[in-house]
Amino acid sequence: VALRNLSVSADAEVKVVQEGGIPRLIEMLHSADESGKEQALLALRNFSTSPDNASKIVRDKGLPSLVQCLRSDDDKVNEHAIVVLRNIAVHAEVDLETAREGGLPPLVSLLRCPDEQVQEQAILALRSLSVNHMNEVTIVNDGGVPSMMELLLAPQEAIQLQAISAVRTLSASYENQAKIVEQGGLPLIIGLLRSPNVQVQEHAAGAIRNMATSVNLKAKILESDGLAPIIALTRSHSNTAQEAALASLFSLSFDAGALVKLAEYGGIPPLVQLLGSPNDEIQALSAGIARNLSASQETESELVEAGVLTPMILLLSSPNKAAQEHAASTLKNLSASAAHKVRMVQEGCIKPLLQMLPHPDAAIQEPAAVALRNLS
């Protein structure tokens, strides 16, 4: 207890470390006395916030002892051991060492611990460790996905937030995406798009963004009624949520059925509005989706009625090259329809399109030339 109390004072902490306090604390982790073990872990928890001390704990062979503490029947011992491991991982590159010492299986098991603090710390640790691909594979193989799916339904917002953040990290892998779907995770993630917590929305949208890149999962997202909440996030005040939602819509918009539903669910007006966004990525994604909408006879008229022409004409002179390219192609697509030609000329398309003819990029020059030919 004395060492624990000293560990909260910066001056005393230095003296304790200099006098060999860390090795002694690590030795105490092998004690049969759970109370003494807890006090040692509390001291190490405080010490490990320092980069130098975190490295010293690793050098003094503290990792195996900490991992062993993860198998304790005492929830407080589990919690403190996890936090020490997390602190060490921040300051010292020990991700793989933690795995080699067998730290991942007990962390995965602790996701089902009835103690909320242990659950939250375990998911935080696994989220950090899963950034390493080898650890990610181990976490999934050790049954991490089903446990994380359960935590997506946790009534505690903090746990839910950490769980969806971890799932977002795992969903970057196509193999993990399949396992998430197999475990019934897709409807849960889609449900979290409607969360009142903006951070939860952001991570859920990020996971859907990852999964929408899979040809096999696009249909499942649509079948799971994912489109409406994704469209709703295009109106979010969070740029992160907006961007992730738009990236998902962009991937989905290559499906003809998705385009029709996007229009039915009122997705076109917010897209048109976002063409004027100061955020280049949001602007380019919105233009890309509009480009796909303009290529469909079922949605092109609604796109024009929503006022897409004016912002697209402005984007022809934009420094945002991706948006500029999408704008040129959108105008080319719309110019192929007799129903839009007069309106395009009236809106002032001709001069900006002419200015694109000397453009060095064929992806901009060619659609501009085709649009002018169609309008002539």
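**Loops, helices and cysteines**

Reader: In the loop between which two helices is lysine 61 placed?

Author: The model under discussion is predicted. Lysine 61 has its place in a loop, and the two elements that this loop joins are helix 5 (51-59) and helix 6.

Reader: Is lysine 61 buried or exposed, and what is its phi?

Author: The cut-off for an exposed residue is over 50% relative accessible area. Lysine 61 counts as exposed because its relative accessibility is 62%. Although lysine 61 is not a glycine, its phi is positive, at about 60°.

Reader: Where is aspartate 225 found, and is it buried or exposed?

Author: Phi of aspartate 225 is near 60°, a positive value in a residue other than glycine. Aspartate 225 is found in the loop between helix 17 (215-223) and helix 18 (227-233). Its relative accessibility is 54%, so aspartate 225 counts as exposed.

Reader: Why is helix 6 largely enclosed by the rest of the structure, and which of its residues are buried?

Author: Helix 6 covers residues 62-69, and it is largely enclosed because six of its eight residues are buried. The buried residues of helix 6 are Gly62, Leu63, Ser65, Leu66, Val67 and Cys69.

Reader: Why does cysteine 69 count as buried, and which residues is it in contact with beyond its neighbours within four places in sequence?

Author: Cysteine 69 has its place in helix 6. A buried residue has under 20% relative accessible area, and cysteine 69 counts as buried because its relative accessibility is 2%. With neighbours within four places in sequence left aside, cysteine 69 is in contact with Leu29, Lys37, Leu41, Val77, Asn78 and Ala81.

Reader: How many disulfides does the count come to?

Author: A disulfide requires a pair of cysteine sulfur atoms within 2.5 Å. By this rule the count comes to zero. Cysteine 69 is in no disulfide, and the nearest cysteine sulfur, that of cysteine 113, is 15 Å away.

Reader: How far apart are the C-alpha atoms of cysteine 69 and valine 90?

Author: Cysteine 69 and valine 90 are 21 residues apart along the chain. The separation of their C-alpha atoms is 19 Å.

Reader: In which helix does asparagine 78 lie, and which contacts does it have beyond its neighbours within four places in sequence?

Author: Asparagine 78 lies in helix 7 (residues 75-91). It counts as buried because its relative accessibility is 2%. Leaving those sequence neighbours aside, asparagine 78 is in contact with Cys69, Leu70, Arg71, Ser72, Leu110 and Val118.

Reader: Is histidine 203 buried or exposed, and which residues does it touch, not counting those up to four places away in sequence?

Author: Histidine 203 lies in helix 16 (residues 198-211). Its relative accessibility is 19%, and the cut-off is under 20%, so histidine 203 counts as buried. Apart from residues up to four places away in sequence, histidine 203 touches Leu161, Ile164, Ser165 and Arg168.

Reader: How many helices and strands does the chain have, and what is its radius of gyration?

Author: The chain has 28 helices and zero strands. A compact globule of 376 residues would have a radius of gyration near 21 Å, whereas the chain has 27 Å.

Reader: What percentage of the residues of the chain count as buried, and how far apart are the mean positions of its positive and negative charges?

Author: Of the 376 residues of the chain, 54% count as buried. The chain has 29 positive and 42 negative charges, and the distance between their mean positions is 4 Å.

Note on methods
Residues numbered from 1 in each chain as written. Predicted model: local features only at pLDDT ≥ 70, side-chain atom pairs only at ≥ 80, totals over all residues. Heavy atoms only, no water. Helix = DSSP H or I, 4+ residues; strand = E, 2+ residues; numbered from the N terminus. Buried < 20%, exposed > 50% of the residue type's maximum accessible area, 1.4 Å probe, protein only. Contact = heavy atoms within 4.5 Å. Rg over C-alpha atoms; globule rule 2.2 N^0.38 Å. Lys, Arg positive; Asp, Glu negative; His and termini not counted. Charge placed at Lys NZ, Arg CZ, Asp CG, Glu CD.
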